[in-house]
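Here is a short note for a colleague who has not seen this structure before. Please read the points with the model open beside you.

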Amino acid sequence: MITELFREPDGWRSGGLLIAVGLFFLGLYAFYGLVGAGGISSALHFGVLWLLLGIPELLPKERTQVAGGLRVLGLVFALALLIFYLSRLSIFQ
């Protein structure tokens, strides 16, 4: 597991796809904010999550430790989101 987190960055193909998904969610958040329906915070959360997962893949090949640190940060953020959304379920209240 640790070696998988601190591997070489995958490059523009997978990183670009993850960044594009993140930008889609951020655009969705901005659209709903501009329309006046109120920005849905889940779109903002998932946009930031996908960006955190995509940025490490865009780093140069020799930046394995920085990429690994950013991947760990993305996983911690994903776990925090999971706990946050599960705590909002009615069965936990």
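1. Read along the sequence, the protein chain runs α-α-α-α. The count is 4 helices and 0 strands. Helices (H or I, at least four residues) and strands (E, at least two) are DSSP runs, numbered from the N terminus.

2. Some ground rules. This is a predicted model, where local features need pLDDT of at least 70 and side-chain atom pairs count only at pLDDT 80 or more, while totals for chains, interfaces and linings use all residues. Residues are numbered from 1 along each chain as its sequence is written, and side-chain values use heavy atoms, with hydrogens and water left out.

3. On overall dimensions, the C-alpha atoms of the protein chain fill a box of roughly 45 × 30 × 15 Å along the principal axes. Of the 93 residues, 20% are buried. Buried means under 20% relative accessible area, exposed over 50%, and partly exposed in between (1.4 Å probe, protein chains only). Take contacts between residues at least 6 apart in sequence: 68% of them join residues at least 24 apart. Contact means heavy atoms within 4.5 Å.

4. Helix α2 covers residues 12-35. Its 24 residues should span 34 Å at 1.5 Å a residue, and its end C-alpha atoms are 33 Å apart, which agrees. The expected span is 1.5 Å times one less than the number of residues. Gly15, Leu18, Ile19 and Gly22 of α2 are buried. Their cover includes α3. After α2 comes Gly36, with a positive phi near 100°.

5. Trp12 lies in α2. Is Trp12 buried or exposed? Its relative accessibility is 67%, so Trp12 counts as exposed. Beyond its neighbours within four places in sequence, Trp12 is in contact with Leu17, Glu57 and Leu58. Gln65 is 53 residues from Trp12 in sequence, and their C-alpha atoms are 18 Å apart.

6. Now the packing of α2 and α3. The two axes come within 7 Å and cross at roughly 160°. Axes are lines fitted to C-alpha atoms, for helices over the stretch in contact, with angles from 0 to 180 degrees between N-to-C directions. The angle makes α2 roughly antiparallel to α3. Angles over 145 degrees count as roughly antiparallel, under 35 as roughly parallel, 65 to 115 as roughly perpendicular and the rest as oblique. The crossing is left-handed, meaning that the near helix is turned anticlockwise from the far one by less than a right angle. The residues of this contact divide into 14 nonpolar, 5 polar and no charged. Here Ala, Val, Leu, Ile, Met, Phe, Trp, Tyr, Cys and Pro count as nonpolar, Asp, Glu, Lys and Arg as charged, and the others, Gly among them, as polar.

7. Next, α3 and α4. Their axes come within 8 Å and cross at roughly 160°. That makes α3 roughly antiparallel to α4. This crossing is left-handed. Residues making the contact include His45, Phe46 and Leu49 of α3 and Leu73, Phe77 and Tyr85 of α4. The contact residues divide into 12 nonpolar, 4 polar and no charged.

8. Last, helix α4 itself, residues 64-87. Its 24 residues reach 34 Å from first C-alpha to last, close to the 34 Å expected. Which residues of α4 are buried? They are Ala67, Gly68, Arg71, Gly74 and Leu81. What covers them includes α1 (2-5) and α3 (41-54).
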